[in-house]
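Visitor: I've got a model open and I'd like to learn how to read it. Could you walk me through it, one feature at a time?

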Amino acid sequence: MIGLTTEGSPLRDASEVGDYAHQCFRPGGDDQVGVELEFLVFDRMSATRHVPMDRVERVLPPLPGGSRVTFEPGGQLELSGPAGSLTGAIDGLTADVAAVRQALAHDGLVLAGVGLDPMRQAVRQLRQPRYDAMAEFLGRPYGALMMCSTASIQVNLDLGERPRTRWERAHLLGPVLTAAFANSPLSRGRPCGWMSGRQAVWEHLDPTRTAPVPASGDPVADWARYLLDARVMLVREGGERCRTVRDGSTFRDWLGSRERPPTAEDLAYHATTVFPPVRPRGWLEIRFLDAQRPADWPVCVAVTHALISDDRAADAALAAVESCLGPGWRRGPGADREPWASAARRGLADPRLARAAVACFRAAAEALPRLGATPALTGAVAAFTDRHVTTGRSPAADLMDLAREPGRRLPAWLTEEGRE
């Protein structure tokens, strides 16, 4: 841990949490992009059947783009591509997604790009001490849903030479991106009341670890305070054992403990158990985006990267969002969080967010050639804009239509190969 005491040494006081937070905002980077894609896996013979994780593992092929394969607790498949340029990261991961889809198809399986399982109940497959403790801490039903039934796109971006600027952009543009890519309106085959039901699940979890990091204008101090005030989820007790912390104590409380004060290693691990919409780790983790169908996830990555990393695109987008959402949107502590809630609940059916999204996507489209995007990628962004943004229809609206149609076509949609 750079800037901290030896990992096994007890932390002296809160100033060392500040040192850790400072390292999370190191300037620099080459504007590389990292992408982590989560997919729900369905059996083509039955959309209500859970697919055993080992069945998926058995058929996975070597991946040409070098993505790392992992599984979430409910068996969701995650592909984490190597960081690279925008086109390099997308091209490599596109090849890997294609290889996985082809291999799964031969075994009667399909990847579904949707943020919340629209049919099946939450069932945990992965048993590890961390996940056992997490399940106990978060409880049911929302802890189980988050762990086993959700899927997202995580976009990792360099902080650049002005980390504070990109940190602020990620938060200020978050509601618009959440609305534009909202893609999880169903649960157990019925509307759940949110366009991003995945975000609704997070809203019902422990807010000390899932709420946005409050903004005072000093991201380092804000992140340190967030870590200190977040409840401790678990304590590792040698080997692989984990003890769930049930008394509601925060990391700040633990720091003042006389029995066994936390170490630098405990702090670093604690930081992996908090899940704000944007998390700093020496780069920015954009964590508020619903999973998208295989044809659309590159659009999500490209637009997010452009609006946060390109100065001209960001300035145009921020001006448009301020015009549409009003001045309260830019305030610091106690700022109006209503746009975040409306984005998750209504998506682009919120006319303010729809107007802002049109301007943001226009700014991103203008930036993409500057960022080295291929004509195919800029064309995909244009097609997504025409289908969803200019019409004010988040991807969730298509799923809602399927669920409402006679004959309930949703199961067929989930198990249809190559549906794009």
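This is a predicted model: local features need pLDDT of at least 70, side-chain atom pairs count only at pLDDT 80 or more; totals for chains, interfaces and linings use all residues.

Visitor: Let's start with Phe 251: is this residue buried or exposed?

Guide: The general idea is a scale of relative accessible area, taken with a 1.4 Å probe on protein chains only: under 20% is buried, over 50% is exposed, and in between is partly exposed. Phe 251 comes out at 0%, so this residue counts as buried. Trp 254 counts as buried too, because its relative accessibility is 13%.

Visitor: How far apart are Phe 251 and Trp 254 along their helix?

Guide: Helices (H or I, at least four residues) and strands (E, at least two) are DSSP runs, numbered from the N terminus. Phe 251 and Trp 254 sit in helix 11, residues 251-255; they are 3 residues apart, so about one helical turn separates them.

Visitor: How many aromatic pairs does the structure hold?

Guide: There are 8 aromatic pairs. One of them is Trp 223 with Tyr 226, which is stacked, at 5.7 Å centre to centre and 20 degrees between the planes. The rule is that rings of Phe, Tyr and Trp (its six-membered ring) pair if their centres lie within 6.5 Å; planes under 30 degrees apart are stacked, over 60 edge-to-face, and the rest tilted.

Visitor: Where do Trp 223 and Tyr 226 sit?

Guide: You'll find Trp 223 and Tyr 226 in helix 10 (residues 219-229), 3 residues apart, so again about one helical turn lies between them. Trp 223 counts as buried because its relative accessibility is 0%, and Tyr 226 is buried as well, with a relative accessible area of 6%. Now back to Phe 251 and Trp 254: this pair is edge-to-face because the planes meet at 75 degrees, with the ring centres 5.6 Å apart.

Visitor: Which residues form an aromatic cluster?

Guide: Phe 181, Phe 361 and Phe 384 make up one cluster.

Visitor: What lies over the face of Phe 42?

Guide: A charge sits over a ring if NZ of Lys or CZ of Arg is within 6 Å of the ring centre and within 35 degrees of the ring normal. Over Phe 42 you get Arg 120, at 3.8 Å from the ring centre. Likewise, Arg 236 lies over Tyr 269, at 3.9 Å.

Visitor: Which residues have the most contacts inside the largest nonpolar core?

Guide: Such a core is a set of buried Ala, Val, Leu, Ile, Met, Phe, Trp, Tyr and Cys residues joined through side-chain atoms within 4.5 Å. The largest has 116 residues, and Phe 181, Trp 223, Ile 286, Trp 297 and Leu 307 have the most contacts inside it. Take Trp 297: beyond its neighbours within four places in sequence, its contacts (heavy atoms within 4.5 Å) include Val 35, Leu 37, Phe 39, Ile 90 and Ile 153. There's also a second, separate core of 20 residues, among them Met 119, Leu 399, Leu 410 and Leu 414.

Visitor: How many residues of helix 5 are buried?

Guide: Helix 5 (residues 142-149) has 7 of its 8 residues buried, including Gly 143, Leu 145, Met 147 and Cys 148. The buried residues of helix 5 pack against strand 1 (33-43), helix 4 (129-138) and helix 8 (197-203).

Methods:
Residues are numbered from 1 along each chain as its sequence is written. Side-chain values use heavy atoms; hydrogens and water are left out.
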